[in-house]
Amino acid sequence: MFLRLVGNGRTSVVPHFSISQRRSVKTKGKRIVTQLITTRGKLVVICTLLLLCCAVPALADRYSQQVFFENSLSPVSYFYSSGTVSYPSRLKLVDGKLPVESLEFVSAPNALELEWQSQNHGAWDAEIRLYNWRNRVIDFRGDSLYLWLYAKEGLAARALPNITLTDLDGGFTAKLPLDRYAAGLPKGKWTRLRIPIAEFKSLSRRAFQPRRLGSIILSQGEADGASHRLYIDDIRVENTAAAERAPAAPTAVQATGYERHVDIRWKAAADPGVSQYVIYRALPGGDFRPIGVQRPGVNRYSDYLGDEHITARYRVSARSSSLRESKPSGEIVASTHPMTDDGLLTMVQEASFRYYWEANEPNSGMARESVPGDDDVIALGASGFGIMAMVVGAERGFAPREQVVNRMLQIAAFLKHAERIHGAWPHFLSGRTGHVLPVFGIYEDGADLVETSFLMQGLLTAREYFSGPGKKETRLRKEITELWEGVEWDWFRVPQTQDALYWHWSRNWGFHIANRLEGWNEVMITYMLAIASPTHPVPPSLYDTGYTATHGEHKYADKKTYYGILLDMNYSPGSPGPLFFTHYSYMGYDPRGWRDRFANYFVNNRNEALISQAYSTENPRHWKGYGADSWGLTAVDGPDGYHEYKPLTEDDGTLAPTGAISSYPYTPGPSMAALKHFYRDLGAQVWDVYGFRDSFNQQTDWQSGIYMGLNQAPQAVMVENGRTGLIWRNFMKNGEIARMQRAIGLQPDDAGRQ
């Protein structure tokens, strides 16, 4: 069977709600099934995409549908847990959460600790909740719940607690005594407990849905008055395993030392029996010990050692969930070493680049919205940012130039045949089908002009950078030009007024979302590209009547001073904006040397960053961890979900490394101080295989378990702009951009020019 992809089709797409204006549409939508058709003999390209689909494993889908708990990012307590105790029973908690055990574990580097004393007339319970990260596919299809348990002193069966399950929709089960499934626990030995899912009987008004498992509750069993301690690890829902073989061993292990960490990578066989890769380390004079695990599909691990003068040996094995383990790989040696500021910047850029190079969706070559997440969800704006990150990668040798060109050609071929609406793409596409994915709700089955502009910003940068005379680079420039000329920017004007652009349009719902594009926010680049279009331009006057207009209650420029720093653009009454406003439109567009009648945007962006740093330095809400070298409020997922974090009005202690580091062109000193603090002081809690994690909150001891496509690339791209101006220089080479600047009346202004 062949997938056949749409060329130049007019169908439906998903909008990016301005991260500043995104809102949740809770209406239940129809399932959309769209036929795909081949055009102009592109069968060879499509077959290639299908082969890629078959050959490259999903990063997270199987993991998401099997693993309930593997380990805790915090070494102190597990954020997604809680406990309740009634006197005279006792339950050990740390700030209301289950403690973490770091010496005994199945899945390194830690396990959960359950310590209790059950008394007559008392009670206790401990809840372990599912980490329901962004776009997680929650569909636990296995027939059994598996838990690894360990009791240092052994544990009689009658002393084991009870277990109850809840689902994400309010259903729950009756208690089951664990002693029904274990004849006690042997002393000092990990034991795997299997409980058939069918044994859990629904007790709720709404029937318990095991495939939507949301939490596991352990509770008081026999009131024996004795103190007990139990370690719990690697909780999974799987089908009853037949006799397993050991998986194939990883090969070609490599390790590279940096200032405080070692990056380990390997080649993995396509083996469905692998549940984890286990990373072993031996320090001088010591034996190999497991230090961490990695999920299938990610063949890289970051070992944060915290010292710049350590030599270590490493090896890696593959194992099944029942701990049948491959032979270890060959050994490799690496050493940490002092690094200059330039070296640290390059380290951050390369790690961020890997998100787009290694964790890409394989059929399209484009960026997944988040990792882990739904492996099929391509984010169009993040992909545009990723294209710019790959230009940085080609320039700095993170990947060979020819391979980067090949990836760009793959992306261009996919985009040419993917679903478009009046030439614009949706916020999200399916990597498997090339069709719109209305992730945010029923009305988002149409085009997203802002995401399209972010994507096109990256493509136009690549068009200028890959300027070689060879056939591939010549073809790439031609294909990008065709994509650029196919966007009907002028369609996205409401017919009644024609004075502004609108974010979304759908064949089913038209301009139903009615999201008028007006600043100050991230949409300046959308107006600039719409005016610059060589085929479907909008009048230059829309820059004034749309983006910078006073419209209703909206006022574009509202000068205010915060912490003695003048801000020309005030996002909302009494609040500077989140820092992504200063990044997304300026990844390619160089704000230096020009101004409109309101501001020099380099100066304004610099002041936004300085205000964000000053706010964290003053720390009026007294959040743990804030300071002059720990700042960066922007739009990210925090401990309780997505927020558009900004100084003074929206702040719960959550910082995003991308906020401070992507501001490097504006504030090189403060951004470098933040980079060093995040890396050297917070270390393993915020640094991993794709660089800095999306966000963290020291007040609640929470660290994001995901990376987001919108947040990694700005660190690679904006740092490069601050160092060499590479992306700014290449984007600004496009002749359409200079003509656009003249058309909207920008004036030369040397402020910001160094």
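Let's start with an open sheet of 5 strands, in the order 2-6-11-8-9 and with antiparallel pairing. Keep in mind that you're looking at a predicted model.

- Strand 2 (81-86) and strand 9 (176-177) are the edge strands, and each of them pairs on one side only.
- Strand 2 runs antiparallel to strand 6 (residues 123-129), and the two are paired over 6 bridges.
- If you want a spot to look at, find V85, which stands opposite W124 in strand 6.
- As a bit of background, strands of a sheet pair through backbone hydrogen bonds, and the pairing can be parallel or antiparallel.

**S215, a serine in strand 11**

- S215 sits in strand 11, which covers residues 213-219.
- Is S215 buried or exposed? Its relative accessibility is 1%, so it counts as buried, given that buried means under 20%.
- The S215 side chain makes a polar contact of 3.0 Å with the side chain of E127, and another of 2.4 Å with the side chain of T166.
- Beyond its neighbours within four places in sequence, S215 is in contact with F68, E127, I128, R129, T164, L165 and T166.

- Strand 13 and strand 14 (residues 261-267) run antiparallel and are joined by 5 bridges.

**H337, a histidine in a loop**

- G257 turns up again here: the side chain of H337 reaches its backbone oxygen at 3.0 Å.
- H337 belongs to the loop between strand 19 (332-335) and helix 3 (341-358).
- With 34% relative accessibility, H337 counts as partly exposed.
- Setting aside neighbours within four places in sequence, H337 is in contact with G257, Y258, E259 and E308.
- H337 and H309 are 28 residues apart along the chain, yet their C-alpha atoms are separated by 5.5 Å.

**Helix 15 and its buried side**

- Which residues of helix 15 (residues 735-743) are buried? They're E736, I737, M740 and Q741.
- These residues cover an arc of only 140° around the axis, which puts them on the same side of helix 15.
- The general idea is that an α-helix has 3.6 residues a turn, so residues three or four places apart point the same way.
- The buried residues of helix 15 pack against helix 6 (449-465), helix 7 (471-485), helix 8 (524-532), strand 27 (594-595) and helix 14 (726-732).
- Just after helix 15 comes G745, with a positive phi of about 80°.

**The nonpolar cores**

- The largest nonpolar core has 159 residues, and L114, L145, I163, F466 and Y601 touch the most other members.
- Helix 4 (residues 380-396) gives the most to this core, with 10 residues.
- Not counting residues up to four places away in sequence, F466 touches V391, A394, R401, V404, V405, M408, E473, L476 and R477.
- There's also a second, separate core of 32 residues, with M339, I661, Y664 and M672 among them.

Terms used. Residues are numbered from 1 along each chain as its sequence is written. This is a predicted model: local features need pLDDT of at least 70, side-chain atom pairs count only at pLDDT 80 or more; totals for chains, interfaces and linings use all residues. Side-chain values use heavy atoms; hydrogens and water are left out. Helices (H or I, at least four residues) and strands (E, at least two) are DSSP runs, numbered from the N terminus. Buried means under 20% relative accessible area, exposed over 50%, partly exposed in between (1.4 Å probe, protein chains only). A polar contact is a pair of N or O atoms within 3.5 Å; within protein, one must be able to donate a hydrogen and the other to accept it, and residues adjacent in sequence count only if both atoms are side-chain atoms. Contact means heavy atoms within 4.5 Å. The arc is that of the directions from the helix axis to the C-beta atoms. Two strands pair if DSSP finds at least two bridges between them. A nonpolar core is a set of buried Ala, Val, Leu, Ile, Met, Phe, Trp, Tyr and Cys residues joined through side-chain atoms within 4.5 Å.
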